[in-house]
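Look at the sequence and structure first.

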Amino acid sequence: MWTLVVLIVPNVVLDITESTSWLWKIANIIAPAGFYLCVLSWTRKTGVAVLCALPWMIFAAFQLVLSYLFGEAIIAVDMFLNVVTTNVEEVNELLGNLFYAILTVVLLYLPPLIWAIVMTCKKKRLSGSQRNKVMRDGVYVMLVGIIATIAAEFSRSGGRFYRELFPLNVVCNLGEAINRTNQTRHYPETSKDFTYKAVSERPDSLPEIYVMVIGETARAINWQLAGYERPTNPRLSRRSGLTFFPKAISQSNTTHKSVPMMMSCASAETFDSIQYYKSILTAMKEAGFYTRFFSNQAPNHSYTEFFGNEADDIRYADFSRKPHPFDHEMVDWLRQAVADTIHRKQFIVMHTYGSHFLYRDRYPQSESYFSPDNMVDANSGNRPCLINGYDNTIRYTDHVLDGIIGVLDGADVAAGLVYSSDHGEDIFDDRRNRFLHASPNPTYYQLHVASLAWMSDELQSLHPEFVTAIKTNRTKPMAPQTALFHTALQMAGVKSPLFRPESSLVDESYNYGKPLYVTDLNQGVPLEKSGLKDLDFEKLSTLLSK
Ligand SMILES: [Zn+2]
């Protein structure tokens, strides 16, 4: 009985957090309860039966921790993928902050498991009649659950049972996650014949260098360049040739989707086709550029890693070092690259660690400006301290980006940079008390990201029309996932049949219609269908109407 109760706890929690019809809420309790009763009575060995429910207990525990973390939604496909693409260090940092949630699930699920082991050792069995009664009850309850499910499916609110009933919906999501992991594994084959047919329209003798910097968890509202009252961009605010795009809305709230889209011609409308594409590194290589991929994030068998492997020169920071290397190291690598006199045309992608939680660990202590920043416990009471730490990461990113631009500027060649964060972050910003990113449903704070471009004086005089266009396009809505790729190609004078001028911020025809979002099921949908709430739309409409 205790096992049945603890197994059904997540269903009750989901009935409270999800806005489904009451028919679905009833079905979501009765049908799984009937199923669990059948599982728990399939053998007379009562301990063994409870141990057989272990996979369901794992789903239930995982679900409760996520409900605690995000306040809503079932375990998404992306959550499973995040587990395989997030490194151990990040997981440890996060787990420390979920202590009470984890303690609760341990207290819920450990006692029945211990009891089951003891019963198994004692070879305790139910009598035949006891077991038959439980099984019969289970079948009856399940039948009622099935009727409720059918009624819910045919009701006005609609919905499908495999998306509404926990844990069936989570099992389906796990299946989809396995499917996508296989897809990623076969990427080298599915993409092997891909070509951008890219060529440079500039003379071979012209020295040029272009950099795409991929930021991490940098939300625009903490950028001074976006109107934030704190001095988080003391250096970039003074840079000439720089354009900040205040209306950058990310198409994903996860790193593993957002970064590959920025690095390739895949976007929200075509996300699944990413398995056939190569990245901008290949496009630039085809056009005669020497390519480099610098990363301060560990390789994790994602598309980002595959794309990075296309470069001629691949460098990862030394992750065995403690603390985690700081982003400034990559500025030194860039300095070495610029000093390279053999390769006169270069294209470099830099993947930073940016503002990923734990914030305090993303910048050297000497760069701590807002204090105190030493409290890291994730709760709303600590928000001022967390914001100090977060703002320090942005100020440090400002320093790093300014360093990169300084190196490019000093090269005295046609040079350009595009930068965007992959997604934003919740930091206990409103009454929902949300924290972090990559939740099953996004928020405004996870999608409004920092994004900018810079062009050297040499590039500006070579293409004055770029300057005119970027000034006009600056205040238009943009998605880094489409704009970064096409803008970088055009800045570098690279032509390809896959280049879309209407997605390039240095083209006069630039136009990004309605912002899109890639759902957990990889569909590109308008923001109205992304799971954003009224609180988010208020913020977004204020931003987009400016
Ligand atoms: Zn990220």
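Two residues are in contact if their C-beta atoms, placed from the backbone, lie within 7 Å. This is a predicted model: local features need pLDDT of at least 70, side-chain atom pairs count only at pLDDT 80 or more, and totals for chains, interfaces and linings use all residues. Numbering starts from 1 along each chain as its sequence is written.

Q: Which residues is E269 in contact with, leaving aside its neighbours within four places in sequence?
A: L516 and G524. V525 lies 256 residues from E269 in sequence, and 8.0 Å from it in space, C-alpha to C-alpha.

Q: Where is E269 placed?
A: In the loop between α12 (255-263) and α13 (280-286). Helices here are DSSP runs (H or I, at least four residues), numbered from the N terminus.

Q: What domains does the domain assignment give?
A: Domain 1 (2-184) and domain 2 (203-545). Such bounds come from an automatic or database assignment. The C-alpha centres of the two domains lie 38 Å apart. Their contact takes 18 residues from domain 1 and 21 residues from domain 2.

Q: Which element gives the most to the side of domain 1 that touches domain 2?
A: α5, with 6 residues.

Methods
Helices (H or I, at least four residues) and strands (E, at least two) are DSSP runs, numbered from the N terminus.
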